[in-house]
Amino acid sequence: MLLAPIEKCTGCMACLNSCPVRCIRSVVDQEGFHQPVVDNEQCIECGKCEKACPILSAQIKINNQKPEVYAAWNKNEAILQQSSSGGIFSVLAQYILSKHGVVFGATYGANLEVCHILVDCARDLYKLQGSKYVQSNIGDCFIRVKEELEKNKHVLFTGIPCQVAGLYSFLGGDKFEKLFTCDLVCHGVPSPGVFKSYIDYMQNKEKSIINSMEMRTKKNGWMQGSEISLLYDNGKELRVYPPIKDPFMNGFLFSTFLRRSCYNCQYAKTPRESDITLGDFWGIGNDIAFNHETRQGISLVLINSHKGKNLFEKCNKNMNYEERTLTEAKKGNVMLSQNKYLNHYRKQFFIDYQLKSFKELIPIYLKRRLPLSYFISKAIVIIIGRKNIRRIKRIIKKT
């Protein structure tokens with residue numbers, strides 16, 4: 001038996017973590033998503049799972065204050081280069097670790113499955129860096145977060161907004177002073193099952209195991225679009241640019257195989273549930289001058305709570321930052337204020353997903369092209385430059 005309606009369930013697994021008799025398990029459904037399923041024969045009807053579910057209980061922690069908005073980037077050039085955007089997660093995480101605390105976040109596990117883990121030392125922090133455009137398997141992380149907090153440790157939990165909401169609902173609110181949460185600007189979560197099919201396809205194609213994957217590198221610069229890198233066991237590195245040429249990223253960018261709840265996400269808004277929100281500050285400098293180098297990436301930082309503000313202030317000596325506006329942030333990151341559009345191919349894609357191989361799905365669903373206007377706008381930016389574009393806009397406004 002499912003708990004929340006399937007079209008609303010985010011897969012946060014707060015219910016699974018709350019069950020005292022472990023009668024809820026994670027089952028992979030026909031679309032490749034992890035779904036919590038209740039074993040009615042073992043259930044003692046204690047109601048704890050319903051109270052922990054942020055969908056059924058509506059126990060969502062809402063920060064009422066208007067977020068403070070910053071553009072920020074790590075002062076450490078090496079960390080900045082390794083990070084997907086401005087490297088601010090690393091600054092926050094290193095502070096928590098310096099207080100002998102622990103950090104929870106997503107990593108690639110066995111067979112490149114994306115899962116949440118605990119990191120308690122700086123040398124392992126690299127595991128949590130970088131973008132992973134797949135829904136991570138939370139497992140029993142919420143239980144472990146509570147255990148660490150009950151040891152009076154500092155804890156930083158990082159995840160997508162629905163996972164943060166699930167954690168607060170599991171804990172019964174924001175009752176722990178040393179818990180800090182950081183959510184990521186989310187563009188919807190693709191199916192882990194589809195991702196596994198993609199990995200199997202890419203490995204069979206090369207006849208070699210993929211040892212590591214970077215979904216976003218900065219070899220072409222941050223603003224010009226990221227490059228995908230796959231490192232195989234045979235020593236070959238496959239690099240794909242632009243990412244839309246990669247079949248999995250094509251499906252992600254066109255919202256072909258996202259979780260059902262992503263198309264009506266209740267967390268795509270401000271204020272946020274977390275203490276701090278991180279993302280890419282896309283579009284920075286387009287309307288309001290930004291007189292700093294952007295090639296290696298700029299993070300968008302929303303300070304959503306007093307706890308978040310205190311954490312940011314304790315860490316800001318290790319970052320460069322500049323206050324910006326919420327209007328500018330939302331313009332570059334539409335997922336701060338609206339849901340993903342429902343791709344009309346989605347239903348048929350998942351019907352065929354159960355019948356066809358991933359290779360057969362590619363020419364039908366995963367080779368869609370961006371409009372010509374997108375490439376023209378990119379070319380204009382490269383040729384003219386952003387500063388000149390801003391200058392032209394000011395001249396037009398005056399006339």
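Buried means under 20% relative accessible area, exposed means over 50%, and partly exposed lies in between (1.4 Å probe, protein chains only). This is a predicted model, where local features need pLDDT of at least 70 and side-chain atom pairs count only at pLDDT 80 or more, while totals for chains, interfaces and linings use all residues. Residues are numbered from 1 along each chain as its sequence is written, and side-chain values use heavy atoms, with hydrogens and water left out.

**View 1. The whole protein chain.** Of its 399 residues, 54% count as buried. The chain has 14 helices and 13 strands. Helices (H or I, at least four residues) and strands (E, at least two) are DSSP runs, numbered from the N terminus. Contact means heavy atoms within 4.5 Å. Among contacts with a separation of 6 or more, 70% come from residues 24 or more positions apart. The protein chain exposes about 19,100 Å², and carbon and sulfur atoms supply 52% of that area. Accessible areas come from the Shrake-Rupley method with a 1.4 Å probe; for residues, only the protein chains shown count as cover.

**View 2. Strand S3 and its two partners.** Two strands pair if DSSP finds at least two bridges between them. Strands of a sheet pair through backbone hydrogen bonds, either parallel or antiparallel. S3 pairs with strand S12 (residues 299-303) in the antiparallel sense, over 5 bridges. Here Glu68 stands opposite Ile303 in S12. S3 also pairs with strand S13 (residues 319-323), again antiparallel and over 5 bridges. In this pairing Asn74 faces Met319 in S13.

View 3. Three strands form an open, antiparallel sheet in the order S8-S9-S10. Strand S8 (210-217) and strand S10 (237-240) are the edge strands, each pairing on one side only. From one strand to the next, the twist averages 10 degrees. Strand S9 (residues 227-232) is joined to S10 by 4 bridges, and the two run antiparallel. Ile228 stands opposite Val240 in S10. H7 lies across S8, S9 and S10, running at about 115 degrees to S8. Axes are lines fitted to C-alpha atoms, for helices over the stretch in contact, and angles run from 0 to 180 degrees between N-to-C directions.

**View 4. Gln203 in helix H7.** Helix H7 covers residues 192-206 and includes Gln203. The relative accessible area of Gln203 is 16%, so this residue counts as buried. Leaving aside neighbours within four places in sequence, Gln203 is in contact with Ser208, Ile209, Ile210 and Tyr232.

**View 5. Aromatic rings.** Rings of Phe, Tyr and Trp (its six-membered ring) pair if their centres lie within 6.5 Å; planes under 30 degrees apart count as stacked, over 60 as edge-to-face and the rest as tilted. The count comes to 21 aromatic pairs. Phe312 and Tyr321 are edge-to-face, because their ring centres are 5.4 Å apart and their planes stand at 75 degrees. Phe312 is buried, at 4% relative accessible area. Tyr321 is partly exposed, at 38% relative accessibility. Ring pairs also link a cluster that includes Phe33, Phe195, Tyr198, Tyr201 and Phe248.

**View 6. Lys307 over a ring.** The charged end of Lys307 sits over the ring of Phe180, 5.6 Å from the ring centre. A charge sits over a ring if NZ of Lys or CZ of Arg is within 6 Å of the ring centre and within 35 degrees of the ring normal.
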